[in-house]
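Please look over the sequence and the model below before reading on. The paragraphs that follow lead from one residue out to its surroundings and then to the chains.

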Amino acid sequence: MIKYLVKRLLLLLPTFIGISLITYAMIRLAPGDYTTLRAGLQGELKAGAIGTEIIEQEKKLYGLDKPVIVGYWDWFKRLVVLDFGVSRKDGRPVAERIAEALPITLSLNIISMIIVYIISIPGGIVSALKKDSLYDRVSSLVLFILYSLPSFWVGLLLLMVFSGGDYLNLFPLGGIISDWAEDFSFFDRMVNIAWHLALPVITLTYGGFAFLSRYTRATMLDVINQQYIMTARAKGLSEKRVVLVHAFRNSLVPLVTLMATILPGLLGGSVIVESIFSIPGMGMLAFEAILARDIPVIMAIASISAVLTLLGILIADILYGVVDPRIRLEARQ
Amino acid sequence: MTAARGYWRTAWREFRRNRLALAGLVLVLALFAVALFAPFIASDKPYIYAADGRLRFPILFDYPELEGMNFREGAVKGFVLMPPVPYTSSEYDLDAIVMPPSARHVLGTDEQGRDLAARMIHGTRVSILIGFIAVFIYVTMGVIIGALAGYYGGVVDMVISRFIEVIICFPTFFLILTILALVGPSLVNVMLVIGVTGWTGIARIVRGEFLKIREMEFVQASRALGARDRAVIFRHMLPNALAPVLVSATFGIASTILIESSLSFLGFGVQPPTPSWGDILSQSRDFMDFAWWLTLVPGFAIFITITAYNLVGEGFQDAIDPRSVRK
C-alpha cells in the first residue's frame with residue numbers, strides 16, 4: 001500500500017510539471033506584451049529612455065527578460081520552497097493572498113459537496129427503486145430542469161428576489177461576514193457567516209445535486225437488474241438489506257470516481273459564484289489576477305488547482321480499491 | 001420478411017418515440033431558424049410598404065428615398081407591414097431606457113433604450129454559431145487524435161493518453177479565461193479557445209471505440225485488401241465509431257453555449273455592440289433591484305437552449321444504446 005502510494009505520488013510530478021510548464025509557456029508566448037501594457041496603463045510609459053528603462057526593470061523583476069524555459073525553471077526552483085513570488089498588483093506575497101482566499105473557497109465547496117451527497121444519494125436510490133412511479137417521474141423532470149439551469153442566472157435571480165431591491169430583503173447582497181460582526185461572539189459570527197453563505201451555497205449546490213441524483217439513479221438501475229440482486233432476494237433477504245448492502249455498495253464505484261471529475265471544475269464554478277456574491281475567495285482572486293495579468297498569482301492558482309485535481313484523482317483511485325476489493329491497487333496504473 | 005433496416009434508421013425510429021427528445025429537436029430547429037432569419041424577424045424596415053401607388057420591400061432592397069424613415073406606429077401614410085419585432089438590435093432610444101415590457105417593447109428595453117426582444121433575437125446567432133463551430137473544432141481534433149491513439153496503439157497510444165491526462169487536469173474555465181485575457185476576447189477567439197481546450201473527451205471516446213473495432217474482421221479485411229491506413233481509419237473504422245461521438249457532441253453544444261454565456265457574463269465573451277445573451281444578462285446586474293425583465297429574459301433563453309440540446313442528446317443516447325431499447 002505504502003509502496004503504491006509513493007509510486008503514485010512520484011508519478012504526479014511529471015504531470016504537474018507538464019501542466020505548469022504549459023500554463024507558463026502560454027502566458028509568456030501569448031501575443032500582447034503585458035509589461036508594456038501595464039506600464040502604459042499606469043501612465044508610466046514616457047517617451048524615450050525612462051519608459052524603456054521601466055519596462056526593462058519590470059521584465060527583470062518577473063523574469064520576462066529570460067527565455068521561457070529558463071523563466072520556468074526559476075519559477076519552479078522557487079516553488080520547491082513554496083515561494084510563489086509577489087503579486088504584481090499590490091506587491092504582497094502571493095502565498096499570503098492565497099492563504100486568505102483558499103479557505104473560503106474550499107469551505108464553500110466542501111459544504112455544498114456534503115449537502116449534494118447527503119440529499120442526492122438517497123433521492124437517487126429511491127428514484128431507482130420506484131422506477132416509473134409518480135415520484136420518479138416528477139423528480140426526474142425537476143432534476144433535468146435543475147441540471148440545465150445556468151448557475152450565474154440562478155445566482156442573479158436569487159440575489160434579485162431575496163436580497164433587497166423591490167422584492168424580499170432576507171439575505172445580504174454579498175461578502176462573507178458583516179462589517180459589524182467583528183466583535184460578535186463565536187456563535188453569532190458563525191450565524192452571520194451562514195446567513196451570508198446561504199445563497200452562494202444554494203447556487204453552488206443545485207447543479208451538482210441534479211447531476212449526482214441522476215447519476216445515482218442510473219448506476220442503481222444498472223445494479224438492481226443484476227442477477228446477484230435476484231439471488232439476494234431469492235435467498236429471502238429483507239428488501240432493506242438487499243438494497244442497502246447488496247445493491248448500494250456496488251453502485252458506489254462510479255460515485256467515487258465522480259469526485260475526481262468534479263474537482264477540476266470547482267475553480268471555474270467559483271469564479272462565477274464568487275463574482276456574483278462578491279466573495280473574496282480563490283475564484284475572485286483568479287479573476288482579478290487574470291484582469292491584471294498578474295502572472296505570479298495566475299501561476300500559483302493554476303498550480304494549486306492542478307495539485308488539488310491530481311490529489312482528487314489519486315484519492316478516488318484509492319477509494320476505488322476500498323469500495324471494490326476486486327480492484328487491486330498495484331494492478332491499476 | 002421485412003428488409004433489414006440500417007443503423008441510423010433504427011436509431012431515428014427509436015428517437016422518434018421519445019416525445020421529450022422530439023420536442024427538444026423542434027426547439028433546436030426553431031432556434032436555428034431564428035438565428036438564420038434574425039434580420040427578418042427584428043428590423044426597423046417593413047416587409048411591405050405600399051404608398052404613392054408603388055409597392056416597396058424595404059427589408060429586402062435599399063431605397064435611397066426611404067433612408068432614415070420611421071415606419072412604426074403609423075408614422076407614415078400608406079400600407080406598412082412590419083416585422084414582428086420592429087426594431088434593430090443596435091437602435092437606441094434614450095427617452096425609453098430600462099422600460100418594463102409594454103405594447104411598444106414586448107420584452108422591455110435595456111440601459112440604452114434598445115429593444116430587448118430585438119437584441120435577444122440577434123443574440124441567438126452568437127450562441128448558435130459559437131456552439132457549432134467550437135464543437136466542430138474540438139470534435140475534429142478529438143477524432144483525429146483519438147483515432148491515432150486507438151489505431152496505432154503502443155507508443156503512440158501511450159504518449160497521447162499521457163498527454164490527455166495532463167490536459168484533463170487543467171482547470172478548463174480558468175484556462176479559457178486566461179487565454180482570452182491575453183489574446184483579447186472576440187467571437188473568433190472565443191470559438192477557437194473553447195474548441196482547442198475541449199477535445200479530450202471526444203479523443204477518449206474515439207480511442208476506446210477504435211481499440212474495440214481494431215480487432216474486428218472487417219478492419220483486417222480492408223487491410224488485407226491493401227487499403228492505406230488513412231482509408232482504414234476514416235472510411236472503414238470511423239463510421240462505426242461515430243454514434244457515441246455525435247451524442248457527446250450534442251451535449252457538447254449545450255455546455256459550449258453555457259461556457260460562452262458565462263464568458264460573456266464575466267465580460268470575456270463577444271464584445272459589444274454584438275448582442276449576446278450572456279452580455280445582456282451581465283448588463284442587467286446594474287439594474288437588478290427593479291429591472292426583472294433584463295435578468296429573466298436572457299437567462300431563460302440560455303436555459304431553454306441548453307435544455308433543448310440536452311434533451312436531444314439524451315434521446316439520441318437512448319436511441320443508439322441497445323440496452324435501453326424499449327419493447
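Leaving aside its neighbours within four places in sequence, which residues is Phe268(B) in contact with? In this predicted model, the residues that Phe268(B) touches in chain A are Phe287(A), Ile290(A) and Leu291(A), while in chain B they are Leu177(B), Leu180(B), Ala181(B), Pro185(B), Val190(B) and Leu263(B).

Phe268(B) also belongs to the largest nonpolar core, which holds 139 residues, and it is one of the members that touch the most other members, along with Ile301(A), Leu177(B), Phe210(B), Leu263(B) and Leu266(B). The element that gives the most to this core is helix H10 of chain B, residues 229-265, which supplies 14 residues. Apart from this there is a second, separate core of 17 residues, and among its members are Ile121(A), Met220(A), Val223(A) and Ala232(A).

Val190(B), already met as a contact of Phe268(B), lies in helix H7 of chain B, residues 187-197, where it is buried together with Asn189(B), Met191(B), Val193(B), Ile194(B), Gly195(B) and Thr197(B). The cover over the buried residues of H7(B) includes, from chain B, helix H4 (116-152), helix H6 (172-183) and H10.

Turning to the place where the two chains meet, 48 residues of chain A are in contact with 41 residues of chain B, and between them the chains bury about 3,900 Å², of which 79% is on carbon and sulfur atoms. Polar links are also counted here: there are 4 residue pairs in polar contact, both residues being at pLDDT 80 or more, and there is 1 salt bridge between chain A and chain B. That salt bridge is formed by Arg214(A) with Glu314(B), whose closest N and O atoms are 2.3 Å apart. On the side of chain A that touches chain B, the elements giving two or more residues are helix H1 (2-29), helix H6 (134-148), helix H7 (151-162), helix H8 (186-224), helix H10 (239-276), helix H11 (282-292) and helix H12 (295-323) of chain A. Sorted by class, this side of chain A has 35 nonpolar, 9 polar and 4 charged residues.

Chain A, taken by itself, has 12 helices and 0 strands. Of its 333 residues, 46% are buried. When contacts in chain A between residues at least 6 apart in sequence are considered, 70% of them join residues at least 24 apart.

Technical notes:
Residues numbered from 1 in each chain as written. Chains lettered and ligands numbered in written order. Predicted model: local features only at pLDDT ≥ 70, side-chain atom pairs only at ≥ 80, totals over all residues. Heavy atoms only, no water. Contact = heavy atoms within 4.5 Å. Buried area = accessible area lost by both parts, 1.4 Å probe. Salt bridge = Lys/Arg side-chain N within 4 Å of Asp/Glu carboxyl O. Polar contact = N/O pair within 3.5 Å; in protein donor to acceptor, adjacent residues only side chain to side chain. Helix = DSSP H or I, 4+ residues; strand = E, 2+ residues; numbered from the N terminus. Nonpolar A, V, L, I, M, F, W, Y, C, P; charged D, E, K, R; others polar. Core = buried A, V, L, I, M, F, W, Y, C linked by side-chain atoms within 4.5 Å. Buried < 20%, exposed > 50% of the residue type's maximum accessible area, 1.4 Å probe, protein only.
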